Each structure stands twice: as C-alpha cells, then as structure tokens.
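Hi,

Here is the structure I promised to pass on.

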Amino acid sequence: MATIETDPAPNGGDADDDPAIWVNPNDPAQSIIIGTDKRGGLAVYDLSGKQIQYLSDGQMDNVDLRDGCKLGGQTVAIVTASNRKDNSIAVYKINPQTRTLEDVATRKIKLEGAVYGMCMYRSAKTGKIYYFGTSKSGDVEQWELFESDAKVDAKKVRNIKLGSTVEGCVADDELGHFYVAEEAVGIWKFGAEPEAGSDHTQVAKVGDGRLFADVEGLTIAYGKNGAGYLMASSQGNHSYVVYRREGNNEFVKNFRAGAGVGVDGCEETDGIDVTTANLGPAFPYGVFVVQDGFNDKGNQNFKLVPLQTIVKL
Ligand code: CA
Ligand code: CA
Ligand code: CA
Ligand code: CA
C-alpha cells in the first residue's frame, strides 16, 4: 500500500514520469524526492509529499543522482535529468541546507541524437561518473561527467544500439552492470564501463507472463555483499517485477501497489526509484517511489510505499 502521495504535477495530462530519492546524510527524515514533469521541468518534494521547489527548466523525462561527488572543493550530490526539449543533459547539485537544486551545468550539453530516458553510473573501478541517455531510436549514449571550473561538463564515451525504443535504465555501481528496458521487448544487461562493448544478456522478456509492455522504470535496492533486488515497472498490467540483483537476476516476485489510507493505488507507472536507507519514522526500512499514471484527485503524482512491505533486506 502507498502511504504517502506527493502534491500533483503543476501540469495536466501525462506529465510526471520519473522520481529520484536523495537521502539526506544529516537528517534522513529530511530526505527529498525529485520528480520529473515532462511538460515543464523538475519538482522537489519532502517525505510528506509537499512540493518544496519547482524548476521550469524544460521537458525533463527521467532523473537520477549520485551523492559524494567532488565539485568546487566540496562534496555534493549531483542530479542529472534528460531534457527532451533540446536533447540536453540537465545538471544540478543539491544544496543540503535548503534541500533545493542549483544548476551546475557548465554549458548546454546536448546529446548527439534525441534523448528519452536516462540514468547515472559511478564506476567502483575509476570513481568516474557517467550519464546514460536512452532514445526512441534504440540508441544509448554514454557520457562521462567531469568537473570544469566548479561546474559539470560531459563528453561522449560510448554508443550502444538496441532494436527499438529504450527509456528506463539503471546502473549497478558496485557490480558494474547497466540494465536497460526495451519497452516492447524486455530488460537487457550490459557492462557499464565505457569499454565494455556490446555484449549483453536478456534478464527478462515481455510476454513471459510477468512483464507486460511497456517495460518502464528500473531501479536497484542495494543489499549487503552485492545482494539486493532489481525492480521493474511492468506498465501494461499496473504492476512491478522484482529480480535478484546478483547472479543471473532470478525472478523473485511481482506485486501491485494498492491504495492506502487517503492515498489511491498506483496504475500505469512510468519511473520508479528505491532506497534501502532508514529515512526516519515514516520509512525506517527504506522506500519505494513510483509515478502514478492515474491520480484520483487532480494531476499525476508520485506515491511512496514502505519498502519492508515489498521485500526484506
Ligand atoms: Ca516510455
Ligand atoms: Ca516514461
Ligand atoms: Ca492512482
Ligand atoms: Ca490521490
């Protein structure tokens, strides 16, 4: 059951798409959810669902973040988003005092082709941070992010080609995997390092009785010693599928997120995110956040589900 929902998107229709959770190291109960509004920009919500910032910066489709990044001599969380308005990489840092985003892109960083979804990767081997941009043509562009004059610039390092539309993706920073959802086909697993080449394996297939097109958001719940879960939005049947994070990503379970007290259930979900961190009294074992395609009162929004009601870690 969803226990909290965010304020509705400022824009009507199919607006909200993908959430990202920032765990506040100073006070986990003061963590935030960043949500894309592909008709206008990015919104920031507190854990009660209240909107605390809105940036009218473009048509943001997907969003992701990495904490512990060095920038201008400080350690900050870097947030990136795919801006479909001009096919660029939007880049922000999180101000931990105000819990709001500040633009730190050194320039308008445009991908070579059109962008759709995105995700980030931090290499355990080199410490470098990457951005994967996906597209409706099936092309995936991997870009390396780097510091330039206390801001963030990027350069392209790899192209991957899939057969059809790819949007949702997620990288496993510890195990070095890049997972991408080919919406009508299934989930693929590549090496996340730029020199990993085009070798890949299929994790799951649309039509296997669990995954129903479109396959949308992907996220990883990090457990101990490389264990945990890979989670996917099976948009076609309003559900989510859980796989093991390790080994060959064995199927674990599928589930739906139903209505809670004063909060409607979740349907036709695009993006998802999860953290296993203790976020205080409301979410002591972490939270699973999903976009809800049909909010009962008003525009689309995001729903928060206590993680311990889904999986044990
Ligand atoms: Ca899609
Ligand atoms: Ca989507
Ligand atoms: Ca709903
Ligand atoms: Ca509602």
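A word on metal sites before anything else: donors here are N, O and S atoms within 2.8 Å of the metal (3.2 Å for Na, K and Ca), and water is not among the atoms, so sites may look incomplete. This is a predicted model, in which local features need pLDDT of at least 70, side-chain atom pairs count only at pLDDT 80 or more, and totals for chains, interfaces and linings use all residues. Residues are numbered from 1 along each chain as its sequence is written, chains are lettered from A and ligands numbered from 1 in the order in which they are written, and side-chain values use heavy atoms, with hydrogens and water left out.

Calcium first. The donor residues of the calcium ion (ligand 1) are spaced Y-x50-E-x15-E-x32-E in sequence. They are Tyr116 (OH), Glu167 (OE), Glu183 (OE) and Glu216 (OE), at 2.1 to 2.7 Å from the ion. Glutamate 167 also bridges to the calcium ion (ligand 2), with 3.7 Å between the two ions. Tyrosine 116 sits in the loop between β10 (109-110) and β11 and glutamate 167 in strand β15, so the pair ties together parts that are 51 residues apart in sequence. (Strands are DSSP runs of E, at least two residues, numbered from the N terminus.) Both tyrosine 116 and glutamate 167 are buried, meaning under 20% relative accessible area with a 1.4 Å probe, protein chains only.

Glutamate 5 in strand β1 (residues 4-5) and aspartate 264 in the loop between β22 (251-255) and β23 are 259 residues apart. Aspartate 264 counts as buried, at 10% relative accessibility.

Next, a sheet. Four strands form an open sheet in the order β15-β16-β17-β18, with antiparallel pairing; two strands pair if DSSP finds at least two bridges between them. Strand β17 (residues 186-191) is joined to β18 by five bridges, and tryptophan 188 stands opposite glutamine 202 in β18.

One more item: which strand gives the largest share of the lining of the largest pocket? That is β19, with seven residues.

Cheers

Technical notes. Buried means under 20% relative accessible area, exposed over 50%, partly exposed in between (1.4 Å probe, protein chains only).
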